[in-house]
Amino acid sequence: MPKSVLFDKANVMSKVTDLFWRKGYNGTSMQDLVDVTGLNRSSFYNSFGDKFSLFEESLKYYQEIQMKNLNETFSEAKSPKEAIISLFEGIQEEVTSGKENKGCFLSNCTSELSIENQTIRNFLIDNKDQVVNSFKTLIEQAQEEGEINFSKNADTLALYLFSSLHGLRITSMIDPDIQGVTEEILNSL
C-alpha cells in the first residue's frame, strides 16, 4: 500500500518556487530544498523525484499563478487597451512599492537555463507564445474598437509588449524606478 502524502503540497510548492526564484536553479542546493520543504531527503525524492523535476514543477506552478493573474487583470478591464495599461501599471506599482524586486521567475529562468536545457527552453517558448497571443487578441480587439491604430501590426506590437514586460521585470531588479519607461511603453500603443 503506497504511503499517503503528509504535507500541504501547495504550501511546499510556494516555498520551493520562491527559493528557486530567489537563488536560481544552479544556486539552489538539495540541502536548500530539504530545508525549505521541511521534508527529509527520502520523502523529498519520493514526493518530487529529483531537483530538476521539482524545478520544472515550480515553473509550471508559477506560470499557472501568473496566467491566472493576467487573465483576471484582462477580464476586469473596461476595454482591451485598458487591460494592457492595467497590466503595466500593476507591474509598475509592484516594482516601485519597495517590495523585494526579484524580477520574474520565468524571465530569470530564461537568462539562466534557456540556452543549456531544451526542455526548459521549450517550456519558456510555449509560455511566450501564450502571453504574446493574449496580447495580440487584446490589440486586435482594441484596433476593432478604435483604441489602437490599425497601422500597427498586431503580431509585432504583441511581441514588443511581451519583450517590454520581461525587460521591465529584469531591469527592476537593479533599478526599480521604471515609471517613465512604463509610460513610454504605454504611449507606444
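This is a predicted model: local features need pLDDT of at least 70, side-chain atom pairs count only at pLDDT 80 or more; totals for chains, interfaces and linings use all residues.

Reader: Which elements make up the protein chain, in order from the N terminus?

Author: The order is α-α-α-α-α-α-α-α-α. In total, the protein chain has 9 helices and 0 strands. Its C-alpha trace spans about 60 × 35 × 30 Å along the principal axes.

Reader: How much of the protein chain counts as buried?

Author: The share is 42% of the 189 residues. As for the surface, the protein chain exposes about 10,500 Å², of which carbon and sulfur atoms supply 48%.

Reader: Is E64 buried or exposed?

Author: A residue counts as exposed when its relative accessible area is over 50%. E64, which lies in helix α4 (residues 51-76), has a relative accessible area of 58% and is therefore exposed.

Reader: How far apart are E64 and T182 in sequence and in space?

Author: They are separated by 118 residues in sequence and, from C-alpha to C-alpha, by 25 Å in space.

Reader: Which residues make the nonpolar surface patch?

Author: I170, M173 and I174 make this patch, with an area of about 300 Å². Of these, I174 is located in the loop between α8 (154-171) and α9 (179-187). The same cut-off applies to I174: its relative accessibility is 77%, so I174 counts as exposed.

Conventions:
Residues are numbered from 1 along each chain as its sequence is written. Side-chain values use heavy atoms; hydrogens and water are left out. Patches are made of residues with over 30% relative accessible area and no salt bridge: like charges are joined within 9 Å, nonpolar side chains (Val, Leu, Ile, Met, Phe, Trp, Tyr) within 5 Å. Accessible areas come from the Shrake-Rupley method with a 1.4 Å probe; for residues, only the protein chains shown count as cover. A salt bridge is a side-chain nitrogen of Lys or Arg within 4 Å of a carboxyl oxygen of Asp or Glu. Helices (H or I, at least four residues) and strands (E, at least two) are DSSP runs, numbered from the N terminus. Buried means under 20% relative accessible area, exposed over 50%, partly exposed in between (1.4 Å probe, protein chains only).
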